[in-house]
Amino acid sequence: MDRDTEQLNLLAIFHYVVAGLAALFSFFPLLYTTIGAIFIFAARHGTAKPGEELPPEFFGWIFAVLGSVLFVIGIAMAICILLGGRSLALRKRYSFALVMACVECLFIPFGTILGVFTIIVLLRESVKALFAATQTSV
């Protein structure tokens with residue numbers, strides 16, 4: 001097995017690991033959704049103590065929607081990173097793998113390290129030829 005193939009296989013495995021971490025961390029915004037649901041429930045069914053007001057229901061909706069949107073974005077990014085790793089393993093969709101490597105650089109620290117190494121490997125002419133050979137053989 002030559003150096004390019006070995007490095008692409010290792011990068012694919014690391015993409016799977018980072019995708020798993022991204023999926024794990026994307027569940028944290030659901031805490032905001034839970035807090036929002038509690039605010040909404042308290043505003044609709046709670047009773048205020050004398051001299052205090054209940055939080056407005058509007059704040060609950062802001063928390064719930066923000067948490068849900070961040071969760072969906074996180075899961076979508078985890079899926080895209082997983083597909084980027086699969087692209088590296090199959091030597092298909094070169095442009096997608098390169099774009100995902102650039103986007104991964106935003107995820108400090110693991111995504112940055114993985115993204116930079118992936119970009120370095122993907123910009124080699126020998127690796128481009130591996131992807132091109134896979135495209136013509138299909």
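The model is predicted, so local features need pLDDT of at least 70 and side-chain atom pairs count only at pLDDT 80 or more, while totals for chains, interfaces and linings use all residues. Residues are numbered from 1 along each chain as its sequence is written, and side-chain values use heavy atoms, with hydrogens and water left out.

**Exercise 1.** Determine where Leu-54 lies, which class its accessibility gives, and what it touches.

*Solution.* Begin with the location: Leu-54 sits in the loop between helix 2 (30-45) and helix 3 (57-90), helices being DSSP runs of H or I with at least four residues, numbered from the N terminus. Next, the relative accessibility of Leu-54 is 32%, and therefore Leu-54 counts as partly exposed. Finally, leaving aside residues up to four places away in sequence, Leu-54 is in contact (heavy atoms within 4.5 Å) with Ala-42, Ala-43, Gly-46, Thr-47 and Ala-48.

**Exercise 2.** Find which residues of helix 4 are buried, and explain how they are arranged around the helix axis.

*Solution.* First, list the buried residues of helix 4 (residues 94-104), which are Tyr-94, Ala-97, Met-100, Ala-101 and Glu-104. Then look down the axis of helix 4: these buried residues fall within an arc of 130°, so they line one face of the helix, the arc being that of the directions from the helix axis to the C-beta atoms.

How values were computed:
Helices (H or I, at least four residues) and strands (E, at least two) are DSSP runs, numbered from the N terminus. Buried means under 20% relative accessible area, exposed over 50%, partly exposed in between (1.4 Å probe, protein chains only).
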